[in-house]
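Open the model in your viewer and keep the sequence panel in view. The tour goes stop by stop, with something to select at each one.

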Amino acid sequence: MNPAEFQGMMQALGLRASGAQALGAWQGWPILIKHRQAYGSSSLEASLPLSRRPDAPLRKDLCQQIKQLKGCSAVLGVQALVTVLERKKDGDLKERLSQALDLLVRGLREGGVTPPEACPLCKSGGCDSMGLVGEGYVPLHRSCVENQARSALQKAEHNAAAGSYLTGLIGALLGGLVGTIPSILAALLAERVFALLYALIPICAYYGYKLLRGKMNKGAFVCTLLSSLVNLFVMQFLYVYVIFIQRLGQMLSPGDALYFYIDMLQTGSLTADLAQSALFLALGLWISWSVITKTSRHEIHSFAAMADTLQPLQNTDAAAPARSE
């Protein structure tokens, strides 16, 4: 199935399609459908938000019923996820998707499970719209999206005028230092190095920069990266300092510890440890990339994109979307 075929199928089902995803409502239930292609196989993945996790008997019963449809499967948790494989031997894809969703929605209603009633932005009921929040298409208030979009724009304008690279850098250095603590404790107490803990260094540096009102533009990433590199050496120094105290059995002045540390760097005694730490830090930067590269512009764009997905919330008792055969 190519993108044009997917979009045509979704429009025939009464959904709004763009690219490889479609948004809308199925019998009044907010639904997000994605076209997945991987390793030569193609499938449709539909997700519906739930007010609560269905009871175990209901989950088992619905999953078994949907599994009986050719090429269909379901997973029910905080949301309902239905997957329909695109295989010629299983028959018409649109018809199988419709059958699976009809069965799912009917079973959920009979089991007392409904779409969420609270807006994820303000946590209040009385939603009037549907919008894409994160990975889910959920009920919400149009006013909440519009208000938060305006608020993000106002904050960005204020930050651009009053933000400071200097205070941001100080915050990044302090935040990065806090982020080294778990790695140091793990090395001292467990005598192990955990690569995932290194992701805390840039993440804490980024939020430290943000906390001390650094300008939320590309400078945030530059300061976060600088802080991460500086704190890589600081972490190594603190670890060596504690080891010296443990071995000598007495306190060592920071000046003497720094002298020994520099000497170990110059003689290459710490080269292997630093290389490993640098590798783990690079992995930590990769893990935290989506966080540490966010700017005010990203936040504004995220709310603008959310607003673009808004549709009026339909009554959950509404009829199923019209389908063209």
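A crossing of two helices is left-handed if the near helix is turned anticlockwise from the far one by less than a right angle, and right-handed if clockwise. Keep that in mind for the helix stops. Note too that this is a predicted model.

**Stop 1: H4 and H11**

Select helix H4, residues 142-162, and helix H11, residues 296-308. The two pack at an angle of about 165°, and their axes are 9 Å apart. Angles over 145 degrees count as roughly antiparallel, so H4 is roughly antiparallel to H11. Which hand does the crossing of H4 and H11 have? It is left-handed.

Now show side chains. On H4, pick Val145, Gln148, Ala149, Ala152, Leu153, Ala156 and Asn159. On H11, pick Ser296, Glu299, Ile300, Phe303, Met306 and Ala307. These residues make the contact. Colour them by class: nine are nonpolar, three polar and one charged.

**Stop 2: H6 and H7**

Move to helix H6, residues 200-211, and helix H7, residues 218-248. Here the packing angle is about 130°, with the axes 8 Å apart. That value makes H6 oblique to H7. The crossing is right-handed.

From H6, select Ile201, Pro202, Ala205, Tyr206 and Tyr209. They meet a set in H7: Gly219, Ala220, Cys223, Thr224, Ser227, Ser228, Asn231 and Met235. How many residues of the contact of H6 with H7 are nonpolar, polar or charged? Eight are nonpolar, five are polar, and none is charged.

**Stop 3: along H7**

Stay on helix H7 and select Ile243. Is Ile243 buried or exposed? Buried means under 20% relative accessible area. Ile243 has 18%, so it counts as buried. Ile243 and Val222 lie 21 residues apart in sequence and 32 Å apart in space.

**Stop 4: aromatic pairs**

Next, look at the rings. A pair of aromatic rings is described by the distance of the centres and the angle of the planes. With centres within 6.5 Å as the cut-off, the count comes to six aromatic pairs. Two of them follow.

Select Tyr198 and Phe280. Their rings are edge-to-face, 5.6 Å centre to centre, with 65° between the planes. Tyr198 sits in the loop between helix H5 (165-190) and H6. Phe280 is in helix H9, residues 271-287. The pair links distant parts of the chain, 82 residues apart. Both Tyr198 and Phe280 are buried.

Then select Phe237 and Tyr261. This pair is also edge-to-face: 5.6 Å between centres and 70° between the planes. Phe237 is in helix H7, and Tyr261 is in helix H8, residues 254-267. Again distant parts of the chain are linked, here 24 residues apart. Phe237 and Tyr261 are both buried. Phe237, Tyr241 and Tyr261 form one aromatic cluster.

**Stop 5: Ser43**

Finish on a strand. Select Ser43 in strand S4, residues 41-49. Ser43 has a relative accessible area of 11%, so it is buried. Which residues does Ser43 touch, leaving out those up to four places away in sequence? Show Lys34, His35 and Arg36, then Thr83, Val84, Leu85 and Glu86.

How values were computed. Residues are numbered from 1 along each chain as its sequence is written. This is a predicted model: local features need pLDDT of at least 70, side-chain atom pairs count only at pLDDT 80 or more; totals for chains, interfaces and linings use all residues. Side-chain values use heavy atoms; hydrogens and water are left out. Axes are lines fitted to C-alpha atoms, for helices over the stretch in contact, and angles run from 0 to 180 degrees between N-to-C directions. Helices (H or I, at least four residues) and strands (E, at least two) are DSSP runs, numbered from the N terminus. Angles under 35 degrees count as roughly parallel, over 145 as roughly antiparallel, 65 to 115 as roughly perpendicular and the rest as oblique. Contact means heavy atoms within 4.5 Å. Ala, Val, Leu, Ile, Met, Phe, Trp, Tyr, Cys and Pro count as nonpolar, Asp, Glu, Lys and Arg as charged, and the others, Gly among them, as polar. Buried means under 20% relative accessible area, exposed over 50%, partly exposed in between (1.4 Å probe, protein chains only). Rings of Phe, Tyr and Trp (its six-membered ring) pair if their centres lie within 6.5 Å; planes under 30 degrees apart count as stacked, over 60 as edge-to-face and the rest as tilted.
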